[in-house]
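Visitor: I would like to learn how to read a protein structure, step by step. Could you take me through one, giving the general idea before each case?

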Amino acid sequence: AGAEAAAAGWCCWCCCWCWCQATEFNCHDEQLWPCMAELFRDFSMNAMGIRASGAAAVNLCHLAAGQIDAYYQYMLKPYDVAAGIIVLEEAGGRVTTADGSAYSVFDRSLLATNDALYEQMLQKVEGPTSRALQQGVQLGPANVPKAYRVRSGRQLE
């Protein structure tokens, strides 16, 4: 049972996940609050810690350095994440949208992890994200300069 618990991301000796996540609470879309509250409640009750540094690029660099294990966020802008994504991807990290699609800096949801935890984190954030999308929250491309032809999500795969 210990090996199975460790493989699932759980400690053998306690009831929490053996990782630390980061997110922010600057959600400006009222419809997105239920999703954020559900994720925060789930992670705060089960994870070893949740950090909120106030800067997406810093969180992505912390992930690249191994100081945190996962980062999820919504409603980011390209300048919030572009540099951090480069650092993370060069370090071998993985970045997608919160529903598992290929990520573009113009997308409004982000899930970043190391490869070992990606599937577990995606399972946790995909449900609340899908419900937010069904309720009309716009998480697709935004802040795209005029004359840019942007492909995102499934178009990139």
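Guide: Let us begin with contact, which means that heavy atoms lie within 4.5 Å. In this predicted model, residues 24 or more positions apart account for 69% of the contacts in the chain with a separation of 6 or more. Residues are numbered from 1 along each chain as its sequence is written, and side-chain values use heavy atoms, with hydrogens and water left out. Because the model is predicted, local features need pLDDT of at least 70 and side-chain atom pairs count only at pLDDT 80 or more, while totals for chains, interfaces and linings use all residues.

Visitor: How many helices and strands does the secondary structure of the chain come to?

Guide: Helices (H or I, at least four residues) and strands (E, at least two) are DSSP runs, numbered from the N terminus. Here there are five helices and five strands, and along the sequence they follow the pattern α-β-α-β-α-β-α-β-β-α.

Visitor: At what angle do helix H3 and helix H4 pack?

Guide: Two packed helices are described by the angle between their axes and the distance between the axes. Axes are lines fitted to C-alpha atoms, for helices over the stretch in contact, and angles run from 0 to 180 degrees between N-to-C directions. Helix H3 (residues 56-64) and helix H4 (residues 78-90) pack at about 10°, with their axes 7 Å apart; H3 and H4 are therefore roughly parallel to each other, a term for angles under 35 degrees. Among the residues that meet are Leu60 and Leu63 in H3 and Val81 and Ile85 in H4.

Visitor: Is Val81 buried or exposed?

Guide: Buried means under 20% relative accessible area, exposed over 50%, and partly exposed in between (1.4 Å probe, protein chains only). Val81, which lies in helix H4, is buried, with a relative accessible area of 0%. Not counting residues up to four places away in sequence, Val81 touches Ala56, Leu60, Leu76, Tyr103, Val105 and Leu110. The C-alpha atoms of Val81 and Leu60 are separated by 7.8 Å, although these residues are 21 residues apart along the chain.

Visitor: Which strands pair with E5?

Guide: Two strands pair if DSSP finds at least two bridges between them. Strand E3 (residues 70-74) is joined to E5 by five bridges and runs antiparallel to it, with Leu111 as the bridge partner of Tyr72. Strand E4 (residues 94-96) also pairs with E5 in the antiparallel sense, over three bridges, and Arg94 stands opposite Thr113.

Visitor: Why is strand E5 described as largely enclosed by the rest of the structure?

Guide: Five of the five residues of strand E5 (residues 109-113) are buried, so E5 is largely enclosed. Ser109, Leu111 and Thr113 point one way from E5, whereas Leu110 and Ala112 point the other way.

How values were computed:
Parallel < 35°, antiparallel > 145°, perpendicular 65-115°, else oblique.
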